[in-house]
Amino acid sequence: MTDDVQAPPAPQSEFRHLAGDDVGIVRPRDFTHQQPFAFKSGQTIEGFTLRYESYGALNATRDNAVLVCHALSGDHHCAGWHSASDHKPGWWNNLIGPGKAVDTRRFFVICVNVLGGCQGSTGPSSTDPATGRPYGIRFPFVTIRDMVNAQKLLLDHLGVAELHAVMGGSMGGMTAMMFAMEFPHFTRRQVIMASTAHESAQAIAFNEVGRQAIMQDPAWNSGDYPRDGGPRVGLAIARMMAHITYLSDAGMDRKFGRRKHESAGGEAYTFDAQFEVESYLRHQGQSFINRFDANSYLYITRAIDQFDPARAAGTLERAFAPVQAESLIVGFKSDWLFPPEQNRSIALSLLRAGKRGSYAELDTDLGHDSFLLESDELYALVRGFLERNEAYAFDFAI
Amino acid sequence: MSRLVEKRTVDMQVIGEWVEPTSRVLDLGCGRGELMAYLVQAKQVSATGVDLEFDRVSACVRRGLSAYQGDMTVFMRAFPDRHFDRIICSRTVHELNDPAGVILEALRIGNKVTVGFVNHGFWKNRIDACLRGRKVRNAVYTTAWHESRPANPLTIADFEDFCREKSIRVVRRAHLLGDWRTRCPILPNLFAGYALYDLARA
């Protein structure tokens, strides 16, 4: 997920976080599970912490919760602002808030930094109580199912009886899918955007190049590096490369074209950044290393690569057999990382398995990151799915 | 209710009589889901629709229905034989690229296939074409030729020929007069404005 696609045109007012349809200033919280937690790999840890945010309130019947799942480089901060001077809101702020498509006056919205992450949840950069040093690559291998199991413990702790919906884009869509398979009677709806039921060889290949960039950086040191150090060059390159896969050719052409950077001057015979796209990617790489841990990047990309529910069950229909949720799958025409075809195949497998599901496709030029798009069509679809109302059924005006 | 909405609901009633309660129904060219919503309420069917347009699929989702945005033939190829109890293709058949292909594929994945279409052999339509010398325009075909999608008008006689040629079994027919309500007693190709067929494999 890129940082800037949905960044709204920076509102001029310093009170923008007080906008009526905004959740305003939010604060992350920590949930600590103090019992041993077993990973799918068989490895265990003595307990874990998950950092999360929530907006809105749980109702009396405890069934209005909407779990929002983030993508590879995302986090728990999906809406609102951390302070009045924040220059950017949460990553899905355009979708979530009072009166928005995911209406926080109606729903109790929760978003959790995944297990294995590095934004406050336990992961490879956390301290291993056994050694007093960061886990590094001694941290257990994490799968999407492990992430889901950990988040379920948090939802139980919060008193959520049933999820009104689980939703996410990209890896967040995998997480949502896993929730509906693992906890079928707990999950009433799932919204999966720009996702896949298993990555293509091409997508795995891109992840592998990213991992190699990190692991070939001498500062990676087999995953053993100090908190303020590590393979910064490798991680930045991994991010720059991955970032290209989140955009589209047409989108990049529209955004950058062949425009040159102002400071490039007339000097053509240099390897300094000349084109805007170069300085943009360098900036993306640099800002990423300040907020992301290289080992977490290895772990989470690995979890994404491994995700393949059809493999264990034989077919995707069999994997979906337990699902009780109604599903909404959304694909984006210009997404070539998890293309429409792969999203359609999720929907078709659900329908073949006899489940209720819909598939819709939006024509945008933002590539994989399209799910973060500011689009009234997308908002109406998501709102319609979450708030589907019997009264609409015979309204011919729809 | 406007005359158009009334006409829209006529085939709903006939189809509603034919559809078995709680059956698994696929609506090809489901539009904004009016027919599916009716069948879900009247017959408790489990319905899925297919349509090409985002806005129509989105409207179905808002109604609480399942709908799939995409090409109906590609969609049908993804399903095993007899997956659905009934496939409905009403007021869509004249706009298909490969009507025979669609109907035969529907007969593969569905036990019954309901096809509904405007009969262009209806006397008024003949007069329109002959005397006025104009493209048919009525409550259903409201647009001028240059605003319309490519259409492939057919008549009841054409459709009967097609079923015979392809050895498709006609389980039931409903031929409705120009009011799209009263059953047509004689010479349907001349007097029926709308026709509904329930088809099955021979």
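**Chain B, its contact with chain A, and two spots in chain A**

Q: How many residues of chain B are in contact with chain A?
A: This is a predicted model. In it, 25 residues of chain A take part in the contact. The number on the side of chain B is 22 residues.

Q: Which element gives the largest share of the side of chain B that touches chain A?
A: Helix 2 (34-43), helix 3 (54-62) and strand 3 (66-69) of chain B each give two or more residues to that side. The largest share is seven residues. These seven come from helix 3 of chain B.

Q: What is the radius of gyration of chain B?
A: Chain B has eight helices and seven strands. For its 202 residues the globule rule gives 17 Å. The computed value is close to that, so chain B is as compact as a globular protein of that length. The radius of gyration is 16 Å.

Q: Which residues of helix 5 (residues 99-109) of chain B are buried?
A: In chain B, 44% of the 202 residues count as buried. The cover over the buried residues of helix 5 of chain B includes helix 4 (72-77) and strand 5 (110-118) of chain B. The buried residues of helix 5 are Val102(B), Ile103(B), Glu105(B), Ala106(B) and Leu107(B).

Q: Is Thr127(A) buried or exposed?
A: Thr127(A) sits in strand 9 (residues 127-128) of chain A. Beyond four places in sequence, Thr127(A) touches Gly132(A), Arg133(A) and Pro134(A). It has 12 other C-beta atoms within 10 Å. A residue with 12 or fewer counts as exposed, so Thr127(A) is exposed.

Q: What is the handedness of the crossing of helix 4 and helix 6 of chain A?
A: Helix 4 of chain A contributes residues including Leu235(A), Met240(A) and His243(A), and helix 6 of chain A residues including Leu281(A) and Phe288(A). The residues of this contact divide into seven nonpolar, four polar and two charged. The crossing is right-handed.

Key
Residues are numbered from 1 along each chain as its sequence is written. Chains are lettered from A and ligands numbered from 1 in the order in which they are written. This is a predicted model: local features need pLDDT of at least 70, side-chain atom pairs count only at pLDDT 80 or more; totals for chains, interfaces and linings use all residues. Helices (H or I, at least four residues) and strands (E, at least two) are DSSP runs, numbered from the N terminus. The radius of gyration is taken over C-alpha atoms; the globule rule is 2.2 Å times the number of residues to the power 0.38. A residue is buried if 20 or more other C-beta atoms lie within 10 Å of its own, exposed if 12 or fewer, and partly exposed in between; C-beta atoms are placed from the backbone. Two residues are in contact if their C-beta atoms, placed from the backbone, lie within 7 Å. A crossing is left-handed if the near helix is turned anticlockwise from the far one by less than a right angle, and right-handed if clockwise. Ala, Val, Leu, Ile, Met, Phe, Trp, Tyr, Cys and Pro count as nonpolar, Asp, Glu, Lys and Arg as charged, and the others, Gly among them, as polar.
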